[in-house]
Amino acid sequence: MLDPKLLRESPEIVRAAIARKHLDVDLDAVLALDTTWRALLAEVEALRAKQKAANNEMAAAKKGSPEFLAKVQEMKAVSQEIKAKEENLNFTQEKWNAAMLALPNIPHSSVPDGRTPEENQVFATNGSIEATSPHALPHWEIAGFSNLVDFPRGAKVTGAGFPFLIGDGAKLSRSLLQFFLDEDVKAGYTEVSPPIFVNAASATATGQLPDKEGQMYETVDKLYAVPTAEVPLTNFFRDEILDEDALPVCRCAYTPCFRREAGSYGKDVRGLNRVHQFDKVELLKWVHPSSSYDELDKLRNDAERLLQKLELPYRVLLMCGGDLGFSQSKKYDLEVWAAGQKRWLEVSSCSNFESFQARRAQIRFRAKATGKPELVHTLNGSGLAVPRVLAALLENNLQADGRVKIPAALVPYFGKDYLSFK
RNA sequence: GGAGAGGUGGCAGAGUGGUCGAAUGCGCGUGCUUGGAAAGCACGUGUAGCCGCAAGGUUACCGGGGGUUCGAAUCCCUCCCUCUCCGCCA
């Protein structure tokens, strides 16, 4: 959510942001609603002040006296009026609130213009895609793949997109998780193991609700299976005021992630490219507003380092305005090269939300200089999503003999130098 | 899951229909005192919305939501959470 003051004082900034993100929002309608809401609020408050003043008079007067009874009659009318106006106010306020939630975050000045994913800038590349295995195949075509990743049985037991990982497949997945967590902790993040179901208030604070409920699995208890650890992690400090000295707070968490991905089909969803349940380590930071862009660079570097240590070629995209996402100010995507499919797979998305999430979740810190609470800036990024990294490893490192070479950094975790499909 | 008790400001804790945003204590801040400190004394000390250039004004908030009433921290309903006892259980 944006600062309502920004909307009132500089609507042109918000208008420009909407244009840069290529969204369709009727800003004038929001501004009109804001004016109406404030006028109604003033009316109701004036009536309440009147009621309060009368209340004090009545407290001082004798209970059954004529003037007391007259006051009761008089205030009955005021009470009716308040009720009527309040109903209107509440109705308007709900509309105002919904309208405010529909306004996107402002892109940072360093975000390139553009409408489509093709207009994202390649910010950096690392490693050579030519250096990958000449024997590379799409991972689902590798002989014995179904021995490690069993989609048909997952479909039988649960549904499409819920594969079983077996043997070296399960072990490689677990090795990656452990490697990611260890590296993230070394980089200064505190490991957290959060709940993997969240309530509606939490899903609302991070923006999954309203409007995106169709993307989450919901239980009969009205709890939602987390689509990413970002949700429980961010909500940890919801409605809290932190010490300024405590910033930045850096945390990482592994959770399985659950996404309904309704309507997805085609080559994008073959094999491990897109599944309904996958493992991911998420990085999250709560930082002082003055340093959030430095922290974003560090966060991106922390995620990049994981791919470097795994010796996987990757590129970093700086997202253009149109592909930025509703609540981000700036976002980098990390894409790993999958040599068999000959395409880039997104394995991390590192974003600065500035105070957009923090306002919605009411996460603040007490500024020492003023003693007043201010909103923190929140950042997050994957570090990293497992199945696509696993897919890239299988494809890029496939040997002539059908085995997969394990990168040196991962060998201590995996326990051997080669993965076998038998 | 069953029975009972309870949720008030940073903490403790009073308040059972009106002058209560809320006593008191602790904590915290500023000042006085002191060679310095402690103690003591004085004053101050929540969050947010709206109006205002500002000074300031005004409203809301006593777990959440709803209701009764001229008026609710206080009465009623409902949901959530905590604690105690019982049951069940990795």
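How many bridges join β1 and strand β10 (residues 314-318), and in which sense do they pair? They pair in the antiparallel sense, over five bridges. Two strands count as paired if DSSP finds at least two bridges between them. This is a predicted model: local features need pLDDT of at least 70, side-chain atom pairs count only at pLDDT 80 or more, and totals for chains, interfaces and linings use all residues. Residues are numbered from 1 along each chain as its sequence is written, while chains are lettered from A and ligands numbered from 1 in the order in which they are written.

**Overall layout**

- Chain A has 13 helices and 17 strands. Helices (H or I, at least four residues) and strands (E, at least two) are DSSP runs, numbered from the N terminus.
- The C-alpha atoms of chain A fill a box of roughly 100 × 45 × 40 Å, taken along the principal axes.
- Chain A is assigned domain 1 (4-101) and domain 2 (117-419). Such bounds come from an automatic or database domain assignment.
- The centres of domain 1 and domain 2, taken over C-alpha atoms, are separated by 43 Å.
- Of the 422 residues of chain A, 37% count as buried. A residue is buried if 20 or more other C-beta atoms lie within 10 Å of its own, exposed if 12 or fewer, and partly exposed in between, with C-beta atoms placed from the backbone.
- Take the contacts in chain A between residues at least 6 apart in sequence: 74% of them join residues at least 24 apart. Two residues are in contact if their C-beta atoms, placed from the backbone, lie within 7 Å.

**The RNA side**

- There are 20 residues around RNA strand B, and R48, A49, A59, M75 and S79 come nearest. Near means that the C-beta atom of a residue, placed from the backbone, lies within 6 Å of the molecule or strand.
- Two elements give two or more residues to this surface: α3 (27-60) and α4 (66-101).
- The largest share, 13 residues, comes from α3.
- By class, the surface near RNA strand B has ten nonpolar, four polar and six charged residues. Ala, Val, Leu, Ile, Met, Phe, Trp, Tyr, Cys and Pro count as nonpolar, Asp, Glu, Lys and Arg as charged, and the others, Gly among them, as polar.

**The eight-stranded sheet**

- An open sheet of eight strands runs in the order β1-β10-β11-β12-β15-β9-β8-β4, with mixed pairing.
- Its edge strands are β1 (121-126) and β4 (190-192), each of which pairs on one side only.
- From one strand to the next, the twist averages 25°. Axes are lines fitted to C-alpha atoms, for helices over the stretch in contact, and angles run from 0 to 180 degrees between N-to-C directions.
- Q121 has L318 in β10 as its bridge partner.
- β8 and β9 pair in the antiparallel sense over ten bridges. C250 has K285 in β9 as its bridge partner.
- β9 and β15 also pair in the antiparallel sense, over seven bridges. V287 stands opposite H377 in β15.
- Nine of the eleven residues of β9 are buried, so β9 is largely enclosed by the rest of the structure.

**Helices on the sheet**

- Helix α7 (residues 168-186) lies across β4, β8 (249-258), β9 (277-287) and β15 (377-385), at about 5° to β9.
- Helix α10 (residues 292-309) packs on the sheet and touches β1, β9, β10, β11 (330-338), β12 (343-352) and β15. The direction of α10 makes about 5° with that of β15.

**A closer look at V185**

- V185 sits in helix α7.
- V185 counts as partly exposed because it has 13 C-beta neighbours inside 10 Å.
- V185 touches E191 and C252, not counting residues up to four places away in sequence.
- V185 and R251 are 66 residues apart in sequence, yet 8.3 Å apart in space, C-alpha to C-alpha.
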